[in-house]
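Let's take a friendly walk through a protein fold, one piece at a time. Have a look at the sequence and the structure before reading on.

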Amino acid sequence: MAHVMEILGKTRVVVEDGKVVEVGEPQLQWCPLFEKARGIKKITCEAVKENMEFRIRDFGLFTEDRKLEMDVFVGFGASEVMMTGLKRDMLDTTITVCDGAGTVITNNATLVQGMGARISGLVETEPIDKVINGIEDRGGIVLDPSSASIDPVGGVLKASDLGFKRIAVTVVDPFTARTLREIEKENDLELMIIGAHTTGLSREDALEIIKYLDIITSCASKNIRDTIKPLVQVGTAVPLFGLTQKGKELLLERAKEVESPILVNTMPLPMLPEKKQPKDLV
């Protein structure tokens, strides 16, 4: 079975039978998040391979041993924000992805965090029965167990059919975001659309996608940093931005659950200290 994920910026990695079989060329030299979390001072092919092998070994990424319940990885990540939204009754359910399962619908906050805490840009994956069963045992609904497809639009339509209204969904491209806004209007939904894995977005796509989002992760995207006009920002190195009032409210709600001290201030945004940004933004 082959699985493809883009990690440490946007380095393509292919995994088969629990082994890394291909590593592409890194697009970044350095990421503050991974230096802090894993001590990676320079992103190289070997560093990427070692990091993926660590993920496979530590929490079973792309294997039958996949852990589906994990602690908070960062204070403000997409999975952490959705977890808070469910816990605080701001969301009815979420549409996310998990390796070995593809698109998943769930209102289990613990499962949302477990699936999303340590994955990056999941490009494609193959079904793993034990992972799918584990998700279903925890109240998750796998959209397509036979193929493990990644389909946020299909996930939202399925959630709507199940009666959910306040739905959070992650997207990586402007076409999907625009389509979801159309579906939201047609089906009388309240979507919280979160842009993820934005590294490498063109300026045109960056300008387009932010029209439809409530929250976006900046990742290592130069064009997001250059074009964003947020209502709220959390973090300064690899920040999340709230673009709408409801996105702002969800990020501030998340702040209540972060254990570290928090500074709340008013200032022009975005605030992006040069020395903290990933090197070679793309």
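At roughly what angle do the axes of helix α3 and helix α4 cross? Keep this question in mind while you turn the model, which is a predicted one.

## Two helices side by side

Helix α3 covers residues 78–87 and helix α4 covers residues 109–116. Their axes come within 8 Å and cross at roughly 175°. Angles over 145 degrees count as roughly antiparallel, and therefore α3 and α4 are roughly antiparallel to each other.

Which residues make the contact? From α3 come Ser 79, Glu 80, Met 82, Met 83, Leu 86 and Lys 87. From α4 come Ala 109, Val 112, Gln 113 and Gly 116. Sorted by class, this contact of α3 with α4 has five nonpolar, three polar and two charged residues.

## A sheet of four strands

Now find the strands. Four of them make an open sheet in the order β3-β2-β1-β6, and the pairing is antiparallel. At the edges are β3 (19–23) and β6 (121–124), each of which pairs on one side only. On average, neighbouring strands in this sheet are turned by 30° against each other, direction ignored.

A helix also packs on this sheet: α2, residues 45–59, touches β1, β2 and β3. The direction of α2 makes about 155° with that of β3.

What holds strands together in a sheet? Strands pair through backbone hydrogen bonds, either parallel or antiparallel. Strand β1 (residues 2–7) and strand β2 (residues 11–16) are paired in the antiparallel sense over six bridges. To trace this pairing in the model, look for Met 5, whose bridge partner in β2 is Val 13, and for Val 4, whose partner in β2 is Val 14. β1 and β2 form a hairpin with three residues between them. In the turn, Leu 8 has a positive phi of about 45°.

The chain then goes into another hairpin, formed by β2 and β3 with two residues between them. Here Asp 17 sits in the turn with a positive phi of about 50°. Four bridges join β2 to β3, and these strands run antiparallel.

Definitions and conventions: Residues are numbered from 1 along each chain as its sequence is written. This is a predicted model: local features need pLDDT of at least 70, side-chain atom pairs count only at pLDDT 80 or more; totals for chains, interfaces and linings use all residues. Side-chain values use heavy atoms; hydrogens and water are left out. Two strands pair if DSSP finds at least two bridges between them. Axes are lines fitted to C-alpha atoms, for helices over the stretch in contact, and angles run from 0 to 180 degrees between N-to-C directions. Contact means heavy atoms within 4.5 Å. Angles under 35 degrees count as roughly parallel, over 145 as roughly antiparallel, 65 to 115 as roughly perpendicular and the rest as oblique. Ala, Val, Leu, Ile, Met, Phe, Trp, Tyr, Cys and Pro count as nonpolar, Asp, Glu, Lys and Arg as charged, and the others, Gly among them, as polar.
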